[in-house]
Amino acid sequence: MPKDYIEPLNKENISLKENFCTVENEDEFDYFKIYLDNNGLLDNKQGIAKTWIYIIEDDDGNRTMAGFYAIRCSSLIMDIGSKEKIGEPAIEIVELAVHRDYRYQGIGTRMMQDIIATAFELKDKYLGVKHLVVCAKKSAKDYYKDKFKFSELPGHKQIPRNGDNIECIGMSLSLRLMD
Ligand SMILES: CC(C)(COP(=O)(O)OP(=O)(O)OC[C@H]1O[C@@H](n2cnc3c(N)ncnc32)[C@H](O)[C@@H]1OP(=O)(O)O)[C@@H](O)C(=O)NCCC(=O)NCCS
């Protein structure tokens with residue numbers, strides 16, 4: 001029986017990205033390849049984000065990377081008037097992607113469930129975290145909204161931006177509401 005599981009991206013399994021970065025992945029080909037080549041391991045080393053990969057393993061032990069995600073510590077920043085801002089602790093989904101050949105099979109959902117479980121584990125056992133946030137691509141906004149009940153951030157709320165997530169839609173999910 002083939003099996004599937006999620007494990008951290010590391011030096012031993014990074015070669016599986018070659019399978020993920022195939023031309024069949026079309027529009028996202030360049031972006032995914034660049035992210036996995038340049039950021040995957042380095043961001044982890046530098047404490048910027050941790051990348052996890054979704055593996056499908058066949059009966060002969062051949063492993064295929066069908067998806068990946070990256071998460072990091074972040075915050076939900078709120079304007080509270082007269083130029084003052086406060087920040088509440090959050091975990092940010094930096095990347096979430098499923099190979100085109102494996103979409104609509106629940107793999108994105110499995111990875112999201114893993115991310116949500118991690119956020120709750122951190123919150124319950126290790127540190128304060130109140131929100132799950134994402135800077136969503138326009139095309140993925142409804143995925144987060146309809147399937148996972150994320151809300152678009154109103155004008156007075158934002159998540160920290162950097163070079164990678166400027167052109168996207170800030171969204172959040174309150175972990176308190178899910179208790
Ligand atoms: C968005 C993505 C991760 C979804 O992964 P997936 O494994 O195909 O999704 P799942 O199988 O878990 O979920 C399928 C369900 O989500 C819905 N869905 C999938 N992609 C969607 C999208 N972009 N917008 C709205 N709904 C979407 C499907 O209609 C289906 O709905 P149903 O459960 O009611 O039948 C995948 O399409 C992807 O990698 N897209 C390109 C990268 C991307 O946009 N990532 C998000 C960046 S912020």
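Ala, Val, Leu, Ile, Met, Phe, Trp, Tyr, Cys and Pro are counted here as nonpolar, Asp, Glu, Lys and Arg as charged, and the others, Gly among them, as polar. On this basis, the shell around the ligand has nine nonpolar, five polar and six charged residues. The model is predicted.

The ligand is surrounded by 20 residues. R103, G108, T109, A140 and D142 are the closest. Four elements each supply at least two residues of the shell: β4 (85–98), α3 (107–126), β5 (131–136) and α4 (141–148). Of the elements, α4 gives the most to the shell around the ligand. Its share is four residues.

Backbone geometry was examined next. Most residues other than glycine have a negative phi. Y104 is not a glycine, yet its phi is positive, at about 60°. Y104 lies in the loop between β4 and α3. Both β4 and α3 are among the elements that supply the shell around the ligand. Y104 counts as exposed because it has 7 C-beta neighbours inside 10 Å, and the cut-off for an exposed residue is 12 or fewer.

K149 also has a positive phi, near 65°, and is a residue other than glycine. K149 is found in the loop between α4 and β6 (151–152). K149 has 11 C-beta neighbours inside 10 Å, so K149 counts as exposed.

Methods
Residues are numbered from 1 along each chain as its sequence is written. This is a predicted model: local features need pLDDT of at least 70, side-chain atom pairs count only at pLDDT 80 or more; totals for chains, interfaces and linings use all residues. A residue is near a molecule or strand if its C-beta atom, placed from the backbone, lies within 6 Å of it. A residue is buried if 20 or more other C-beta atoms lie within 10 Å of its own, exposed if 12 or fewer, and partly exposed in between; C-beta atoms are placed from the backbone.
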